[in-house]
Amino acid sequence: MSEPTPRIVAWETTRACPLACVHCRAEAQYEPDPQQLTTVEGKALLEDIASFAKPVVIMTGGEPLMREDIFELCAYGDSLGLRMAISPDDGRLLTPETVARLKASGVRRASFSLHYTNAEQNDYFARTDGAFANAMRGLANMRVGGLPFQINTTVTKLNVDDLPAMLKLVQELGAQAWHVFLLVPTGRGKAIESQEIPPEQYESTLNWLYDMQQITPIEIKETCAPHFRRIQLQRRQEQRRSTSPPEYVAPSGHGGLTSHGGGHPHGAAGSSRGCMSGDGFCFVSHIGEVFGCGYLPVLAGNVRERPFREIYQQSSLFKELRDLGKLKGKCGRCEYRQICGGCRARAYAATGDYLADEPYCIYEPGSYRRKHSSPTSQAGTLTND
């Protein structure tokens, strides 16, 4: 059996950030923590990662551009064969000169958070006047400077009806991808837990995202929504049953957009399950703590005390997260657990148990198979079209 290796590592290079977004997992601050990993420690971390894997390494924060050595660290990671990406938040820092330096440092893609299509709402969300206008300038600088970027949008009750307009804006801005995050109530996000969309709307929103994947030329990816993989499989099976897939009417509040299936298979099945926490993905904090993801505050180890490779492959937490036989409740009974796994962070936030049920999944195990039972039923096995 091969040793586990990460596909994506997110490193919170700093918690310093000039913004104060209400959903922030990190509870970012204006000044860097004096205990954050040093340049030497950061390079050692990158070396350790590269010693056994060549994942995407996302330099995140806080605001990573507030680290004076960020270009040096990105260039070093690139020299080790790591696929470097960065997640800036403040458009003011994305000047043409900064964009050029990021490209020269080997950064292959940037991700930028944008949650509303209008300035007033976005500035309120970021708790920063002018954040939207600054974002537009920074994104334009990346487009002109030739640095590929994606837009990240966190969905709440306040912006779920605006998703069609956001998708249109994302394409107009020249983004290569749109990553849609379902809120996980941790950090500052706990304060807006009441704005998390209800499970039924969660399901309809994921169905809408599936439809948009079929007709939109850019990549659309759901994040913190592992049961999208179940929806994806069910929708594909339904399409196979019909020579002319029925028109799917978008859920109420999604602007009447519809899809006729076929088209662009973004989000096609990969080798990993929906929740990659500790199983393909992990998060390293600004002080070297290693977690399954940034939303699951259960410590696997610290790179100041143990090598990253040892933590990733041998920590008891990550071994549990990889063992789907340990899942409890309906997640443990579900025929889709191999491709979904349920959001372990959302389960932990709701119950204090990261192996408990995914609280925002309305699916009842076995119900789809019973409804569509046939001798050739393949429910629970994700196949490529």
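This is a predicted model: local features need pLDDT of at least 70, side-chain atom pairs count only at pLDDT 80 or more; totals for chains, interfaces and linings use all residues.

The sheet is open and is formed by 10 strands, in the order β7-β6-β5-β4-β3-β2-β1-β10-β11-β12, with mixed pairing. At its edges are β7 (219-223) and β12 (299-302), each of which pairs on one side only, and from one strand to the next the twist averages 25°. As for terms, strands are DSSP runs of E with at least two residues and helices are runs of H or I with at least four, numbered from the N terminus, while two strands count as paired if DSSP finds at least two bridges between them.

Residues are numbered from 1 along each chain as its sequence is written, and side-chain values use heavy atoms, with hydrogens and water left out.

Let us turn to β6, residues 177-182, where 6 of the 6 residues are buried, meaning under 20% relative accessible area, with exposed being over 50% and partly exposed in between, for a 1.4 Å probe and protein chains only. Ala-177, His-179 and Phe-181 point one way from β6, while Trp-178, Val-180 and Leu-182 point the other way. In a regular strand, side chains alternate between the two faces of the sheet.

On one side, β6 pairs with β5 (residues 149-155) in the parallel sense over 6 bridges, and Val-155 has Leu-182 as its bridge partner. β6 also pairs with β7, again in the parallel sense, over 5 bridges, with Ala-177 standing opposite Glu-219.

At the other end of the sheet, β11 (residues 289-291) is joined to β12 by 3 bridges, and these two strands run antiparallel; here Phe-291 stands opposite Leu-299.

Finally, how many disulfides does a search of the whole structure find? The search finds 0, where a disulfide is a pair of cysteine sulfur atoms within 2.5 Å. The sulfur of Cys-224 lies 5.5 Å from its closest cysteine sulfur, in Cys-343, and is therefore too far away for a bond. Cys-224 is buried at a relative accessible area of 19%, and Cys-343 is buried at 5%.

How values were computed: Axes are lines fitted to C-alpha atoms, for helices over the stretch in contact, and angles run from 0 to 180 degrees between N-to-C directions.
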